[in-house]
Every structure is written in structure tokens, then in C-alpha cells.
Amino acid sequence: MDATSIPTLFAALQIPNNHTAVGLSNLLAGNTQARTLFHHGRLPDSGWSDLQIHRLLLELSVLDTNCEESVKYQSSTRDAFSHRWTGAGEREGRIYSPLVSQRHYGFGHGIGRSGDVMEAQPKAVGSSALLRLTLRLTLDAVRRGAGMNGTTGKGDTPSGPASFGTLLPVCTGMSMALVLSGLRDRAQGLDAAAASVNNGGGCIAIERNIVLWSRIDQKSCYKAILTAGLRCIVLPTKAHPETDEVSTDLDALKAALDKYGNRILAVLTTTSCFCPRVPDEVDAVAKMIQTWNVGKDGVGISHVINHAYGLQCQSTNKLINRACSIGRVDAIICSTDKNFLVPVGGALILSPNVNVIESISQNYPGRASASPMIDLFITLLSMGLDGYKGLLEERKRLAVVFRQRLEMVANLFKERILNCPRNSISFGITLDNLVASDGTNSGSEQLLQGEQNNQITKFGSMLFTRCISGTRVVPRNESKSISGHTFHGFGSSHEQYPHAYMTAACAVGMGEGEMNEFFERLEKSWKDYCAKREKEARKRGKGEIPGNIEENMKDLAIRNNQHP
Ligand SMILES: Cc1ncc(COP(=O)(O)O)c(C=O)c1O
């Protein structure tokens, strides 16, 4: 209701003015907050209440043409037909089920138009405003919350990674495919323009259809490149000489740049990964690409960073800031679910270059579901900036404890924590003794690698059946074929990683109680696993397993100065 007419309307009902003024102050305070939100496009410091968010969502959805339930029309002729709008198009945002309508707050038109996923829709001004506001709030969260730079200045100052952005209604993998196809469109235009200038229009630019991908064993990434209709050259990774880390092989990248040259559309790096893989050295990669592009015509080789769940890690965000300031970065892909605790189905694409963002938005075919944006809008408003920062801080605090606790478990079972200091989200411990310490492994009875791997995999399944989710158990020397390419040493992102291991992540949203529960269950499951194998070994008449669990616990207690 219009706040200015309320005093008069209520006075007509003989409600005292001073009573009306008190009630009105609530309405006005709410309106002011909403106005500020639109005006500044920044997250409120404190999160809003559910009721406040609900109210704003309903107010926005009323603005869409399909929301006639909220504006049921009393026709002056009093005939049976009482709809305000009469839709004669093939898609009018009709929603059959009230339950579905409620689930979406009445929004039914989706977002974007055929030409651009960020474009405003005439029939759905509420949805359009919601989308644009959500993007602004998200960019604000990324800049002021996660520490990514926005536009850093004028003149020659390079822009930060979070200068511009778009939201896509699909998960990380599909978004990667969309980003790459948007970049291909852009490259075709710019390369053709450059070729026509240089050759008087007589020469057609070479098609860029190769993506150099710094290997990370995540199937979606590889499949995304193929889905975009591009050819993937898998670059090997390098094992760090002094730690257990696996990371970028810059020599292999340089060689591939020289080999494939102008046929390369983009280099795809990753900054959130399972241990022992650590974030790619995206600053060095960005610099190398920029140097390589110098003096070349056209769009040059682009650089896409898969930052799937990396927003929660400030040191990696800083690395990306640096990459943008010293070299070439075109797009950064971030999952909404993994970073902002919403259901699966959306991605945020960041870029220092507004033209790149436009190419990606315009490349999206058709309209998009508004659901992921509504979820993100609600969540960000509910968190507020303080809530979001608090979650990031808590994760950082817990990550230190998480690593220590994991190390204790490793010691208890005569394993060791993988030393991967550049990965502060995912942690790993070796599983080299889990199966090798079985009393059956001597001489000719040495377990074959396949059988060992089987047993290690069983350990992983056991954790899952004990309701521990998210851990990954990676045996040695496993191979996997994905769409015709065979990855040796699959899981570790390296051809010959020397350990079997398991990983566990301290990701945003994990609470201390959940973490404690995880470690209790892990320890208990591990003991049960060892006990089971001991029993099996005894049954086969092989005797005790050397270094059994009771002994290990005594050792550990002595080392920790405790009584066993
Ligand atoms: C590094 C990385 N890239 C891509 C993906 C795929 O994400 P999505 O399932 O959102 O497509 C994941 C999934 O966890 C991931 O870890």
C-alpha cells in the first residue's frame, strides 16, 4: 500500500492518527531499507529477516504480467472474465499448481531473452529487476566479502577480476561450456576484423578451436570443453620437488602455446581443487599468455579460470587479483552452490573485461530459470555482509583445526598428512599402509595392485555407508577414460602420484560440531576397517597384522605424553 495515502484512508476508519503514525513507521523503515538496497546495490551489513525478504519478493513478482493472482481484477462490466491480462503468446508464465507458484514467489517468466540472458523482459519487469539486483549484490559480496578487486582505477590501471559479472542458471561445468562458446564467438568476430584490416579483407582468420587445459581430475571440466565443440589438449601437471603438491607445469604450457599458436582459443586453469592438486599458478599463466599475445593480431589467447568453489579462500582470491593485474584473465567461473550455500544450479562469471561478459551473456541460448537467482538473492539478503564474512572467517579458523585433527588421525594409523600448503580447503592423508600392512602381503603373496586398490576403494565405500560424505579415496595408478581420453593416475591429477590417499574438505558452511562428528566417525570407521581386515587375515591363518591399531594408539599416546 502507498504509505502516503494510509493516514487519510485510516482516518476515514476512525483510527487515531497517532496510532497510524506508529504502525506506519514500520512500513516506512522497511521501504527505506528496500530503497537503499536498490540505490546502492550493496549488501546490507546485517541480514534481513525472512519476512522482509518475503515481502520484497512478492512486491517484485506483482510487477510481472503473469502474477494475476495477486491483482485479481474486478471488471467494471462484472462479467465472468476477471483477469487483468489476457495472454495470447505461446508462453505467458502460466503456472498450473499453486504450490509451484508459491515455490517461486509467483515468478514465472524466467530471466533474460533469446538474445541475452541479462536482458530485461517487457512482460517481467519484476524478474528483470530481481536479476540485476542479485548480480549487484553478488558482486558486492565477492568484492567486500571475499576480497576480489573490482574496477581498480582509471587510466592504465588494470581492472580487477570482479569488475564485471553475469549470472548463469547452470552449474559450473555447463557454465564453463557456455563461457568457452561465448569466447569463441568473440574471437571469431575480433580475429576476422583483424584479418580483414591486415589483408584487405582477403584472408580468413584461423579458427581457434583448441583449449589448453591444465589437468585436474574433475570429469565435468574436460567434458565442458568437448560440449563447447572444442578440442582439449590436456597439459600434464608437475609434482612439487619438496612438498606433496601437484600443480601447473609451466614448461608444458609454454611448449603448447608455441606448438598450437593461433589455433588456441583459451587456456583453462583451475583454482579450487582436491588435494594434492593445488591451485594453478594463475598469475604466472596470465603473464605467460599476455607475453605470448604481444604483437599478435586479433583477440589473442584467452585465459579462463575455473574457480568453482574457490571464492571461500582469500589467498586464492588474492592470487587471481594478482593474475589480473599482471597478465591476461578473461573469465572466472564460480559455482553459486559451492560458494553461497544455495541449491545446485547456478554460476557466477566474473571478468575484468565488460566485453567478455557481454559475449557470454549474449551467447546464452534462450531464457533461463530464475530459480537459482531467487535462491541467491534470498541467501545473500539473509546473510548480509557480516553473515557472509562471518562464514568465511569461520571456515578459515576451522581449516587450521581441521588440518591438525586430520594429522592426528594420520599418525594414529601410521599414515601421514600430505604436505600441500597451497591448498587450504582440501586436505589429504596417505593410505599407503592401509592395505600394504595386511599380513598377507609378503613375498609371492604380495597383493596385486588391483587388489590393493580394491581394498582401498572398499575403505572409501565403508566411510560412505557410515554416513560420511564428501571424502575421496584415491588408489594409486588407476586409469580412467573420459570421452576417448585416458587419464593415468586418475584422481590425483598426475600420471604417477606416489601415494594412495584420501581427501576431506573444510568447506564453507561446515560447523565445528559437524567437523568433530566427522573425525569421530572417521577414526571409528578406520578402526573397524582394520579390525575387519585383521579378522579376515586371522581366518586365513596369517596371524596378526603388523603395526596393529592398539599398538599404534599406544605409540601415539606416548608421543603425545598421554597414558595409553
Ligand atoms: C574444480 C571443479 N570444477 C568443476 C566442478 C563441477 O561442478 P558442477 O557440478 O557445479 O558443474 C567441480 C565440482 O565439484 C569442481 O570441483
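## Basis of the model

The model is predicted: local features need pLDDT of at least 70 and side-chain atom pairs count only at pLDDT 80 or more, whereas totals for chains, interfaces and linings use all residues. Residues are numbered from 1 along each chain as its sequence is written.

## The chain as a whole

The chain contains 17 helices and 14 strands. Helices (H or I, at least four residues) and strands (E, at least two) are DSSP runs, numbered from the N terminus.

Of its 564 residues, 41% count as buried. A residue is buried if 20 or more other C-beta atoms lie within 10 Å of its own, exposed if 12 or fewer, and partly exposed in between, with C-beta atoms placed from the backbone. Two residues are in contact if their C-beta atoms, placed from the backbone, lie within 7 Å. Among the contacts with a separation of 6 or more, 69% involve residues 24 or more positions apart.

Two strands pair if DSSP finds at least two bridges between them.

Strand 2 (residues 210-214) is largely enclosed by the rest of the structure, because 5 of its 5 residues are buried. Ile-210, Leu-212 and Ser-214 point one way from strand 2, while Val-211 and Trp-213 point the other way. In a regular strand the side chains alternate between the two faces of the sheet. Strand 2 runs parallel to strand 3 and is joined to it by 5 bridges; Val-211 has Cys-232 as its bridge partner in strand 3.

Strand 6 (residues 264-270) and strand 7 (residues 302-306) also run parallel, joined by 5 bridges. Here Leu-268 has Val-304 of strand 7 as its bridge partner.

## Around the ligand

The residues around the ligand include Cys-171, Gln-218, Thr-270, Asn-306, Ala-308 and Ser-335. A residue belongs here if its C-beta atom, placed from the backbone, lies within 6 Å of the molecule. Helix 6 (172-199) and helix 7 (219-227) are the elements that give two or more residues to this shell.

The shell divides into 4 nonpolar, 8 polar and no charged residues. In this division, Ala, Val, Leu, Ile, Met, Phe, Trp, Tyr, Cys and Pro count as nonpolar, Asp, Glu, Lys and Arg as charged, and the others, Gly among them, as polar.

## Annotated residues

An unreviewed UniProt entry places "modified residue: N6-(pyridoxal phosphate)lysine" at Lys-338. UniProt positions are given in the numbering used here, feature names are shortened, and annotations may be inferred rather than shown by experiment. Lys-338 lies in helix 11 (residues 336-340) and is buried, with 22 other C-beta atoms within 10 Å. Not counting residues up to four places away in sequence, Lys-338 touches Ala-308 and Tyr-309.

For "binding site", the unreviewed UniProt entry lists Arg-91. Arg-91 is found in the loop between helix 3 (50-62) and helix 4 (98-103), and counts as exposed because it has 12 C-beta neighbours inside 10 Å.
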